[in-house]
Amino acid sequence: MSFEELRRKKEILERASEILRVEPKDLPRVLKRFLKEIEEVEEKIQREMEISKSS
Amino acid sequence: MISKEILMKGFQKNPEKFWKVSLFDELGFERKRCKNCGKFFWSLSEEEICGDSSCRSYEFIGSKIKDLTFLETWKEIEKFFVGKNHHPLKRYPVICRWFPLYFTVAGIVNFCRLVDDRLDFEFPTNPSILAQPCLRFNDLPNTGLNSKSYSCFFMVQQTSLFDGKEGYWKDECINLDFELLTKVFGIDKEKIFFIEDVWLGPNAFGPSLEFHSQGLELGNAVFTQFEISNSSYGELDKKVIDMGAGLERFCWIVRGSLTSYDAVFENIIKKIGAPEIDDDLKKYFKLCGRINIDENKDLDSALRSIAGQINADLRKLKQKLEKLQAFYSVLDHSRALLFALADGGIPSNVAGGYNLRVILRRALNFLKKAKIELSLSDLIFMHSKDLKEFLPEMDEGRIEEILKIEESRYLQSKERSKRIVESYLKEGRIPSEEELIKLYDSNGITPEEFKEAGLDIEIPPNFYSKIVERHMREKEKKEEFLFDISNLKPTKLLFYEDPNILKFKAKVVKVFQNFVVLDQTAFYPTSGGQLCDKGFIDGIKVLDVKKVGNVVIHQLEKPLEEGKVVECEVDKERREILKRHHSATHVINYCARKVLGKHVWQYGSEKDVDKARLDITHFEKLEEWEEREIERLANEIVEKDLEVKIEFLERGEAERKYGFYIYQGGPAKEKILRIVSIGEEHEACGGLHCNSTKEIGPILILKSKRIADGIVRIEFCSGDVALNYLKESEKILEEVSKILNCKEEDVPNAVKKLFERWKKKMKEVKKLSR
């Protein structure tokens with residue numbers, strides 16, 4: 001892969017990291033956390049809804 | 001310890017030997033002691049008062065000798081000296097790159113160089129003459145008030161190096177200066193006074209003769225005759241004539257105008273309109289030579305004495321002077337800014353840039369106070385039109401840009417200052433002098449702002465001198481080592497003899513705990529921002545290498561025995577990376593100058609193995625396109641496979657060949673310079689480099705940021721380090737795109753969406769928990 005192509009990928013990564021204001025190397029970890037937290041929240045909401053339905 | 005007082009006393013035991021020149025004998029000058037100030041002087045006049053401004057009023061005001069403009073005055077002087085076999089020299093930059101000073105403060109600074117830490121003079125030709133614009137910021141409070149002080153003045157510099165054969169000495173110097181005063185400028189010889197003085201430099205001294213006329217010091221001929229070495233002194237083999245005269249003062253005395261500013265800035269004053277000057281002020285300006293705020297400290301008492309003498313109301317006089325000082329000072333400050341900015345200076349809060357910001361902000365305030373309906377840049381470019389021949393390569397666009405940015409920064413800071421000043425007003429608190437200095441240093445609040453806001457404060461008379469002096473001299477960082485190495489021979493530096501030597505044998509000549517000195521070494525010590533080599537000595541890990549004086553010291557993991565012959569090996573991989581990063585630093589510096597402008601100068605650098613950084617002088621943070629363009633140009637140079645040339649040149653020759661740009665790393669302390677050239681980039685540099693630019697490999701700018709006002713840091717890496725960095729980024733991007741289940745180019749969008757979704761969910765969960 002050419003230097004230019006690799007450089008372009010670096011820029012994409014940097015742009016993405018800037019959105020969350022994190023270092024590029026930390027981006028995967030932060031995204032995984034987000035996904036996990038979203039999942040947890042959704043489960044929680046789901047549970048709450050079920051509880052309210054049953055009561 | 002030699003002091004000026006001791007020298008004066010010593011020389012005065014035999015004044016004929018040190019000060020009497022042949023002219024005094026030929027024309028019958030007599031030596032007298034001034035009845036007013038007590039100084040000794042030589043003159044043809046029978047008067048017993050010397051010609052200094054503290055002893056006389058400006059007696060020449062109102063009597064015009066010639067109608068010369070500022071530039072024409074210089075042309076007359078130059079013509080005279082060239083006719084007397086002096087080589088005319090072009091001016092040097094006002095930003096001093098070759099000697100550890102921020103600014104060229106005198107004409108002689110042009111020829112000052114360091115050899116180790118001693119002052120040495122190097123003259124490109126002999127004898128020579130030039131008009132050197134000089135910047136001095138320690139006389140700001142007097143500017144506009146005493147008619148002779150400027151922050152930017154032109155020093156007429158007459159120089160001769162005398163070794164008994166070439167050049168000339170005291171007699172000829174004073175003959176020439178006397179002829180200039182009397183024949184060229186028609187000053188009456190009876191009105192010329194030579195006052196005895198001495199000059200004491202860091203490692204040289206000598207007598208000097210100041211020449212004064214009618215209350216104005218026109219010049220000072222310094223005869224650098226003796227050198228000081230190891231607390232004893234002796235006569236120099238090559239003595240130096242260093243005559244510096246104020247061009248502004250010559251122009252003033254021949255025109256006999258009310259103030260020197262009226263003579264020097266005549267053209268501009270004609271265009272913008274002269275200020276109103278009533279009889280009181282006319283009388284004041286004849287006597288104002290005695291105003292010297294630094295010495296008098298108390299401006300009020302000096303003004304009171306003048307007001308008494310001219311029968312003027314002190315309060316009214318002060319009011320009128322305030323406006324007039326603003327008018328004359330802004331004319332002076334704008335000229336200082338013109339030269340500073342044209343020569344690559346940048347107003348900031350670091351180093352010499354600090355002083356430039358002080359005068360820029362003063363100038364903006366004065367412009368308002370003097371009610372001049374022009375912008376600062378208008379005024380600056382009016383000067384540049386008058387002084388075109390001193391400014392051949394001026395970048396007007398860049399100057400305008402810097403001024404615009406600085407002005408808006410000043411307005412912003414003024415808003416901030418207003419709030420701080422108001423808090424003082426509310427509490428009825430008066431800031432102390434120390435507080436005022438602190439407020440100026442950290443918030444840019446001038447004491448005038450407190451006064452204008454209605455707080456009853458006395459502005460310390462030498463306030464600006466005090467803050468400016470704090471920032472005036474470069475602090476020399478000296479490498480300190482705890483152990484005594486003074487008896488050790490210089491270490492033989494194998495990396496200069498052959499940079500390919502990585503394995504070598506050496507004898508341990510000295511051991512201090514874990515620190516080892518070898519008779520020779522191929523380990524490059526940390527220097528010029530390049531971090532040191534590492535490796536092994538006798539199988540022991542090398543942790544650090546530094547150079548103290550001429551001795552290289554290796555810090556090891558364990559001690560070694562003295563006298564042992566040891567096998568040494570330099571870590572090749574580390575060395576290669578450091579070399580690439582060093583060559584890349586030169587390339588980036590060159591490209592930054594190409595893209596951003598000639599004001600870009602290396603402020604600092606560090607070449608490590610994971611990345612390198614170059615700190616440059618620049619007034620704004622870099623735009624993305626600027627960063628990209630610097631990188632693109634740098635990689636173009638890499639691709640061109642230019643040879644990295646190393647040559648050894650005598651310092652003067654190197655300066656003539658490549659200019660002062662070679663001093664990117666600061667002033668050199670050697671007479672022979674090692675010049676590293678990459679294409680058009682030439683730097684005095686002791687570092688290790690690649691043989692050609694292709695060896696540097698691809699250059700990748702990692703990021704840039706403004707680390708201080710006026711300083712931008714560029715971080716980059718090259719070669720395999722750059723490729724590894726990019727591959728690592730590629731891996732992360734791949735991982736991220738998998739996590740987000742999208743294409744790589746869609747990652748930023750997907751991150752944004754996920755972030756929004758996460759924020760929404762977090763809000764929902766908050767509601768639930770309520």
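This is a predicted model: local features need pLDDT of at least 70, side-chain atom pairs count only at pLDDT 80 or more; totals for chains, interfaces and linings use all residues.
Q: Starting with chain A, how many residues does helix α1 have, and what is its reach?
A: Helix α1 of chain A covers residues 3-20, which is 18 residues. From first C-alpha to last, α1 reaches 26 Å, close to the 26 Å expected at 1.5 Å a residue.

Q: Which residues of α1(A) are buried?
A: The buried residues are F3(A), L6(A), R7(A), K9(A), K10(A), E11(A), I12(A), L13(A), A16(A), S17(A) and L20(A).

Q: What does the backbone do just after α1(A)?
A: R21(A), which comes just after α1(A), takes a positive phi of about 55 degrees.

Q: And helix α2 of chain A, what is its reach?
A: Helix α2 of chain A, residues 27-54, has 28 residues and spans 40 Å between its first and last C-alpha. That is close to the 40 Å expected at 1.5 Å a residue.

Q: Which α2(A) residues are buried?
A: They are L27(A), P28(A), V30(A), L31(A), F34(A), E37(A), I38(A), V41(A) and I45(A).

Q: Changing topic, how many salt bridges does the structure hold?
A: Over all chains, the structure holds 69 salt bridges. One of them joins the side chains of K39(B) and D52(B), at 3.5 Å from N to O. This pair links distant parts of the chain, 13 residues apart. K39(B) sits in the loop between β1 (30-33) and β2 (40-43), while D52(B) sits in the loop between β2 and α4 (70-83).

Q: What about E681(B), which residue does it pair with?
A: E681(B) forms a salt bridge with R593(B), and their closest N and O atoms are 2.9 Å apart. The two residues are 88 apart in the chain, E681(B) in strand β24 (residues 681-684) and R593(B) in helix α20 (residues 572-596). Both E681(B) and R593(B) are buried.

Q: How far apart are the closest N and O atoms of K761(B) and E764(B)?
A: The distance is 3.8 Å, and the two residues form a salt bridge. Because they are three residues apart in helix α24 (residues 747-769) of chain B, about one helical turn separates K761(B) from E764(B). K761(B) is buried, with a relative accessible area of 15%, whereas E764(B) counts as partly exposed at 26%.

Q: Which residues are joined into one network by salt bridges that share partners?
A: The network consists of R357(B), E406(B), R409(B), E620(B), R706(B) and D709(B).

Q: Moving to the surface, which residues gather in a patch of negative charge?
A: E30(B), E46(B), D188(B) and E190(B) gather in that patch. Of these, D188(B) lies in the loop between α5 (170-184) and β8 (192-200) of chain B, and its relative accessibility of 38% makes it partly exposed.

Q: What makes up the nonpolar surface patch of about 310 Å²?
A: I646(B), F648(B) and I672(B) make that patch. F648(B) is in strand β22 (residues 644-650) of chain B. With a relative accessible area of 55%, F648(B) is exposed.

Q: How far apart are K705(B) and E623(B)?
A: They are 82 residues apart in sequence and 10.0 Å apart in space, C-alpha to C-alpha. K705(B) belongs to strand β25 (residues 699-708) of chain B and is partly exposed at 39% relative accessible area.

Q: Back to the backbone, where is the peptide bond from N126(B) to P127(B), and what is its omega?
A: The bond is cis, with omega near -10 degrees. P127(B) is found in the loop between β5 (118-121) and β6 (128-135) of chain B.

Q: What is the phi of N85(B), and what is that of Q214(B)?
A: N85(B) has a positive phi near 65 degrees, and Q214(B) has a positive phi of about 50 degrees although it is not a glycine. N85(B) is in the loop between α4 and β3 (87-88) of chain B, and Q214(B) is in the loop between β9 (204-213) and β10 (216-229).

Q: Are those two buried or exposed?
A: N85(B) counts as exposed at 63% relative accessibility, while Q214(B) counts as buried at 9%.

How values were computed
Residues are numbered from 1 along each chain as its sequence is written. Chains are lettered from A and ligands numbered from 1 in the order in which they are written. Side-chain values use heavy atoms; hydrogens and water are left out. Helices (H or I, at least four residues) and strands (E, at least two) are DSSP runs, numbered from the N terminus. The expected span of a helix is 1.5 Å times one less than its number of residues. Buried means under 20% relative accessible area, exposed over 50%, partly exposed in between (1.4 Å probe, protein chains only). Patches are made of residues with over 30% relative accessible area and no salt bridge: like charges are joined within 9 Å, nonpolar side chains (Val, Leu, Ile, Met, Phe, Trp, Tyr) within 5 Å. Accessible areas come from the Shrake-Rupley method with a 1.4 Å probe; for residues, only the protein chains shown count as cover. A salt bridge is a side-chain nitrogen of Lys or Arg within 4 Å of a carboxyl oxygen of Asp or Glu. Lys and Arg count as positive and Asp and Glu as negative; His and the chain ends are not counted. The place of a charge is taken as NZ of Lys, CZ of Arg, CG of Asp or CD of Glu.
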